[in-house]
Amino acid sequence: MSTIKFFSVAFLAATAITQAQDLDQAKKAIDAEQYDKAKSILKSIIKSKPADGKAAFLLGNVYLKQSVEDSAKIAFDKGLTAAEGGKFNNIGLGQLDLEAGNAAAAKAKFDLATQGMRKKEVEEYIYVAQAYMNADKPDYQAALAVLEKAKLANPNDAYVKLAMGDAYYGLKNQNDAYSAYRDAYNTDKNLIRAKMQLGVLLKGAKAYVEAVKAYDEVVSIDPNYGPVYRELAETYYLWASNKPATYKENIAKALSNYEKYMSLTDYSLSSRMRHADFLILAKEYKELEKEALEMKKMDKVNPRILRYLGYAAYENGNTEEAINALTEFLGKATKIIGGDYYFLGLAQVKKSIGADGKTVDATLLAQGVTHLKKAVEMDMNLANGLNEIGKAYFGQKLYGVAAGVFEAAILNTTSKNFFEDNIYYGLCVHTVNRGKDVKSIDLPALTNADKAMDNVIAAKPEYPEAYLYKARINSVMTKDDIMTEAYQKYLDALAAKGPEEITKNKAKVTEAYNNMASFYANSDKAKAKELLNKTLALDPTNAYATESLKVLK
């Protein structure tokens, strides 16, 4: 009997060791971003031992990394009641509270998870810190405060140092992040992610050559560590974007390294989605369409696939398909980004133009502009891309369409194109409205165009054309006093550049003289005559000035 009992204890001990090893394998798979493999291991552990709460917690964390919150909550709820390690699941549920904007509820759950920790235990602290950092709205200060407790409990723990590096990195504290990552790797040479993060810091500092060298060191240690190829891909992409002369070469390297990353992780739906996000960054829309179609075969109901199909369809010239896909996506999705409205808006704007290239569907154009404005409000960086698009429509003499695009662009007052976008917006609105009678003009648009010129003047008061455009806009609105003041400022700014500028810009200068003379004709005939004579001095055959002088006599 004792022999049988002894055998049972030995068997249970062996089983426990095997499960611990499996848990370590799952952690390694998670670190290597092999999420499907990790899920398979963890589900196997839970099936054989439902009381393993830590396995349930790790499974929920994988689902969170894949943005599958419903499945994550199911895993955490089940794991919470587990006999062993159940309290870890409070951390996962706390992160879900953070996603819902309930920091107080999250803190309460984190406190439950860290109650009763032994003196040198730090694992719970690390996971709490990661929850703060991995939330949609990261709180790196809160993470760092938790990690300070972990550091106090076990100052030599390599994983604490790694997590501190992540927190400092999130806070843009490059020096402390570097020290933490370096110390983490020196403490545990198997912690290859810490060494990789040293390259990430160099990437953030735009030291692309040095970053690649740092990643190459990681590859030499472990050529099968997938995440380093993703970092290489992102580094080459940034290098290509910031150094246009290297674009072709580096974007090819970026795409090649991302394929290597995919081959070493998995081709799961979540991995393909991450790849799709990268293809959007790289503007590889043909490849994006292929990837989206592959994803559609795997999951026909996931709304996020519609996003990729919509983006690709617009860029590949399938405007109708883009509108349909993105409209359906926006009706189903729970997480919407500015890019979703951006591509829908662009597609609607493009579709608003008739087959003749001249007629415009005003209703569809208005819908498109509304979506573009919403996109820029959500993500101000999107305004930068509207400049070239607006100028293309301007070049096609589709001034109303271009005006809508620039109207959205100038919502970002810090855009690199803000000065030029305001000029184009004012020009477009003026062109659309000039020649119309007062009852037909778009007064709100003209008022905004006038403000746009004020933005230009504020940015560059020595720029003469801004005053000229302001004068023309106010002329259409019949605000003759403001028009006259603006024309005078145009003449002053032009003269300040040198007397030869008056002659070089004869047509614009005579326009200013004649319009100002028209304003003064009823109140100051002498001033009006003076201005008309200035016109004739530049252009002796100017019919308006000649006829107006006859009337004033």
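I took helices as DSSP runs (H or I, at least four residues), numbered from the N terminus. The model is predicted, so I kept local features at pLDDT of at least 70 and side-chain atom pairs at pLDDT 80 or more, with totals for chains, interfaces and linings using all residues. Residues count from 1 along each chain as its sequence is written, and side-chain values use heavy atoms, without hydrogens or water.

**Entry: α11**

I looked up what follows α11. Lys206 does, with a positive phi near 65°. Next I checked the length of α11, residues 192-204. Its 13 residues should span 18 Å at 1.5 Å a residue, counting one less than the number of residues. The end C-alpha atoms lie 19 Å apart, which agrees. I then looked at burial (buried is under 20% relative accessible area, 1.4 Å probe, protein chains only). In α11, 11 of the 13 residues are buried, so the helix is largely enclosed by the rest of the structure. Among them are Arg193, Lys195 and Lys203.

**Entry: Asn412**

I found Asn412 in the loop between α22 (399-409) and α23 (418-433). Asn412 is buried, at 4% relative accessible area. I listed its contacts (heavy atoms within 4.5 Å). Beyond neighbours within four places in sequence, they are Val376, Met380, Asn381, Ala383 and Phe418.

**Entry: α25 and α28**

I compared α25 (residues 464-476) with α28 (residues 506-520). Their axes, lines fitted to C-alpha atoms over the stretch in contact, come within 12 Å and cross at roughly 45°. From α25, Glu465, Leu468, Arg472 and Ser475 make the contact. From α28, Lys508, Glu511 and Asn515 do.

Key: Helix = DSSP H or I, 4+ residues; strand = E, 2+ residues; numbered from the N terminus. Buried < 20%, exposed > 50% of the residue type's maximum accessible area, 1.4 Å probe, protein only. Axes fitted to C-alpha atoms, helices over the stretch in contact; angles between N-to-C directions.
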